[in-house]
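Me: I should like to learn how to read helix packing and chain contacts from a structure. May we work through one example together?

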Amino acid sequence: MKRKVLIYKGFERFWHWTQAFLVIFLAFTGFEIHGVYSFLGYREAVRWHNIAAYMFLGLTAFAIFWHLTTGEWRQYLPTLRNLKAYLEFYLFGIFRNAPHPTKKTLLSKLNPLQRLTYLGLKVAIFPVSVVSGLLYMFYRYPTRHGIDWINIGSLEIVAVVHTAAAFLLVTFLILHLYLITTGRTIFSNLHAMITGYEEIEEEDEQETHAGSNPQKEVLDA
Amino acid sequence: MRNTAIVLLVLGIGTAVALKLLESGEIEKSELTLLREKFSRRVPRKKADHTKFQLLQRNFTNPREVTAACESCHNLTAQEIMKSNHYNWERQEYIKGRGIVYFGKKNAVNNYCIATTANEKACAKCHVGLGLDEHGKLKTDPENIDCMVCHDTTGTYMKAPAKGGEPVMTLDFTNIAENVGLPTRNNCGVCHFYGGGGNNVKHGDLEMAMFYPTRDVDVHMAVDGIDMQCTDCHRTREHNISGKLYTLSSMNRDRVFCSDCHTDTPHEDNILNEHGLKVACQTCHIPTYAKVNATVTYWDWSTAGRLKDGKPYSEEDADGNHVYLSKKGSFVWGKNLRPDYVWFNGTASHYLPGDRIDDPSKPVVLNPLYGSYEDEFSKIIPVKIHRAKQVYDPVNKIIAMPKLFGEATGSGAFWVDFDWQKAVELGMKEANLPFSGHIDFIETVSYWPINHMVSPKEMAVKCEECHTRQGSRLAEIRDFYMPGRDYSKPVEYAGVGLILFALLGVTLHGGLRLYFAFKRNRRRG
């Protein structure tokens with residue numbers, strides 16, 4: 001039986017798209033600051049990059065709160081189960097139109113590859129970006145206020161780490177944009193992230209009903 | 001009832017506030033007016049009207065009589081002058097690694113007219129004295145002080161050329177004496193705008209256009225702006241004038257800073273204020289120098305001495321600048337120049353007369369400016385770099401101090417006899433330095449910090465003029481990481497490689513998916 005299921009809740013979609021916009025905007029202004037091209041002009045690029053950075057921090061604070069309070073953070077717990085199956089699917093099965101190795105459920109909407117990647121973003125790349133970005137902005141403050149022992153003598157290490165994280169983010173973005181076309185249909189994943197709903201094939205009632213409030217979230221297709 | 005009261009109260013307060021605003025709007029003077037009142041000399045500051053002094057109501061025929069008259073009232077001032085570098089042409093300086101030296105125009109070697117030694121009679125036209133002693137050296141006794149050159153407000157006082165500092169004797173000294181006042185741009189400019197033997201030859205940022213500059217040329221001294229005078233910034237105590245140039249100075253003292261008026265945080269944008277930790281104000285606010293007339297950037301003495309029909313000659317460029325003079329050699333001029341930039345912590349060293357040159361194949365830096373990114377007291381400053389080829393003794397490896405000025409042919413001076421050998425011999429003798437009898441030419445460099453010709457803020461250097469990979473103004477300063485200009489090569493290559501790899505990967509993967517889907521469809525269809 002196919003059912004339309006609310007797989008991405010309102011906040012989740014708001015968070016995803018705002019974050020997507022901010023990441024793209026930060027990358028765009030960031031690489032201008034990096035000297036790759038000239039579009040807004042250096043000063044405006046810096047100004048907007050900093051504004052977007054604060055917005056990103058604000059959004060992240062809300063996202064962390066949401067993940068903790070809803071327990072959704074468990075979605076990102078890494079697992080090796082089915083990892084091999086998914087690697088095989090993306091390397092071979094997908095060309096034969098083979099089905100995805102597992103079914104998407106509300107309890108587990110991410111496949112093991114997604115879990116690993118998104119966890120990497122959340123615990124490594126974003127924190128590195130944020131911390132190096134804050135140091136980039138404020139590295140001179142300690143010295144200016146006479147606290148010399150945490151003085152960072154040069155921007156170089158901070159800037160290089162920040163740039164490296166940016167390259168990884170852009171790489172992620174490219175892969176992510178491609179991989180969302182590998183859902184049930186080419187646009188089903190995109191559609192789900194816009195409307196929140198995705199058609200899920202159900203075999204076992206129990207699985208879907210394990211959601212926090214099944215009455216609201218599950219609609220008949 | 002209560003409502004009415006509240007409405008009335010609000011209305012009352014509103015009216016009061018509105019009135020207050022209107023009132024302050026009327027009374028409030030523009031920022032420029034306030035600045036003008038604070039700093040401009042147009043506000044009379046005279047403490048005494050010298051035309052009323054009987055002592056000065058007489059017929060002065062000699063500048064020394066004027067000096068005596070000044071000193072009869074200002075009877076302690078001579079002591080201040082006699083301690084000043086304007087009178088002594090030297091200062092006590094501490095140079096790192098060399099200790100305390102007495103250094104100034106008296107004994108310096110530069111790469112313009114080289115040295116005053118043996119040439120005092122010509123050079124002392126810009127000395128605040130009235131003449132030389134019997135040996136042709138600076139006279140530094142109280143009777144010889146030239147008060148008028150700095151304090152004349154009539155604009156008529158003039159020194160005679162090549163008379164050791166003497167004025168033109170036909171001047172109306174009485175009128176000048178009765179009209180003395182604080183120095184203006186005119187007094188300072190007659191010497192400081194013409195250093196090196198002509199307008200703007202030396203500094204690049206001090207030239208005759210600064211007598212009456214427009215705002216575009218110098219926002220502070222602009223006659224259509226707040227019209228500041230030199231001494232508004234170069235505050236003076238006991239005739240010790242603050243602010244000096246590191247072509248003759250070595251120590252971090254008596255400096256003039258923009259922040260003296262503008263504070264350390266003059267910008268609304270904190271990122272710009274942060275720049276002030278490492279970047280001097282001048283670096284962004286003087287985008288170009290030599291804005292009106294050209295300045296000399298290269299002086300080649302080695303071509304000097306060519307004669308046409310046995311006579312010296314000159315060649316000019318289209319703007320009338322000398323590009324060749326038999327007396328002086330060849331010149332390269334530049335106008336509207338973008339400064340060079342160096343780190344500077346307020347200390348400098350100097351080539352001192354007789355210093356041995358270690359490696360004559362490399363240009364000799366006559367005044368190395370100290371500083372680096374690592375040094376917390378250093379800032380990036382704009383400089384004019386003046387290069388030259390000048391005469392030196394290749395055996396003793398000493399820069400030569402030739403006798404250039406002489407009154408008659410046969411005196412051995414280069415400007416009359418055009419013989420380097422003889423000129424250097426005479427000059428070195430006067431400088432008490434050895435001379436091997438051989439001469440050659442050596443490349444030299446001097447650094448001239450640019451502090452004047454501050455542009456209006458709209459014309460300040462834009463961020464991307466430095467923060468760019470191509471043609472950054474700071475392209476030469478490589479000891480620190482600057483966003484927009486610098487990047488780590490490994491990270492850059494790895495990052496771009498990763499992105500390309502990802503693009504290639506998704507293209508291949510996507511292509512294969514399309515291909516197999518197409519094949520499946522065909523089989524089915």
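This is a predicted model: local features need pLDDT of at least 70, side-chain atom pairs count only at pLDDT 80 or more; totals for chains, interfaces and linings use all residues.

Me: At what angle do the axes of α4(A) and α6(A) cross?

Reply: The axes of α4(A), residues 112–138, and α6(A) cross at roughly 140 degrees and come within 9 Å. The crossing of α4(A) past α6(A) is left-handed. On the side of α4(A), the contact is made by residues including Leu121(A), Ile125(A), Val128(A), Ser132(A) and Leu135(A). The partners in α6(A) include Val158(A), Val161(A), His162(A), Ala165(A), Leu168(A) and Phe172(A).

Me: How many residues does each chain give to the contact between A and B?

Reply: Chain A gives 26 residues and chain B gives 27. On the side of chain A, the elements that contribute two or more residues are α2(A), residues 42–70, and α6(A), residues 156–179. The largest share, 11 residues, comes from α6(A). By class, this side of chain A has 14 nonpolar, 8 polar and 4 charged residues.

Me: Are α6(A) and α17(B) roughly parallel or roughly antiparallel to each other?

Reply: One again consults the angle between the axes. For α6(A) and α17(B) it is about 5 degrees, with the axes 9 Å apart; the two helices are therefore roughly parallel. Among the residues of α6(A) that meet α17(B) are Val160(A), Ala164(A), Phe167(A), Thr171(A) and Ile174(A). Across from α6(A), α17(B) presents residues such as Val491(B), Leu498(B), Ala502(B), Val506(B) and Gly510(B). The contact of α6(A) with α17(B) has 13 nonpolar, 4 polar and no charged residues.

Me: How does one check the length of a helix such as α17(B)?

Reply: One compares the expected span with the distance between the end C-alpha atoms. Helix α17(B), residues 489–524, has 36 residues and should span 52 Å at 1.5 Å a residue; its end C-alpha atoms are 52 Å apart, so the two values agree. This helix is hardly covered, with a count of 1 buried residue among the 36.

Me: Which residues are buried in α15(B)?

Reply: In α15(B), residues 420–430, the buried residues are Ala423(B), Val424(B), Leu426(B), Gly427(B) and Met428(B). They pack against β11(B), residues 379–393, and α14(B), residues 414–417. Asn432(B), with a positive phi near 65 degrees, follows α15(B).

Me: Where else may one look for a positive phi?

Reply: Ala162(B), which is not a glycine, has a positive phi near 55 degrees, and it is found in the loop between α7(B) and α8(B). Ala162(B) counts as partly exposed because it has 15 C-beta neighbours inside 10 Å. Lys397(B) also has a positive phi near 55 degrees and lies in the loop between β11(B) and β12(B). With 17 C-beta neighbours inside 10 Å, Lys397(B) too counts as partly exposed.

Me: How should one read sequence separation against distance in space?

Reply: One sets the two values side by side. Gly181(B), in the loop between α8(B) and α9(B), is 133 residues from Ala48(B) in sequence and 9.1 Å from it in space, C-alpha to C-alpha. Leaving out residues up to four places away in sequence, Gly181(B) touches Lys46(B), His151(B) and Thr153(B). Thr263(B) and Asp319(B) are 56 residues apart along the chain, and their C-alpha atoms are separated by 40 Å. Thr263(B) is exposed, because 10 other C-beta atoms lie within 10 Å.

Notes:
Residues are numbered from 1 along each chain as its sequence is written. Chains are lettered from A and ligands numbered from 1 in the order in which they are written. A residue is buried if 20 or more other C-beta atoms lie within 10 Å of its own, exposed if 12 or fewer, and partly exposed in between; C-beta atoms are placed from the backbone. Helices (H or I, at least four residues) and strands (E, at least two) are DSSP runs, numbered from the N terminus. Two residues are in contact if their C-beta atoms, placed from the backbone, lie within 7 Å. The expected span of a helix is 1.5 Å times one less than its number of residues. Ala, Val, Leu, Ile, Met, Phe, Trp, Tyr, Cys and Pro count as nonpolar, Asp, Glu, Lys and Arg as charged, and the others, Gly among them, as polar. Axes are lines fitted to C-alpha atoms, for helices over the stretch in contact, and angles run from 0 to 180 degrees between N-to-C directions. A crossing is left-handed if the near helix is turned anticlockwise from the far one by less than a right angle, and right-handed if clockwise. Angles under 35 degrees count as roughly parallel, over 145 as roughly antiparallel, 65 to 115 as roughly perpendicular and the rest as oblique.
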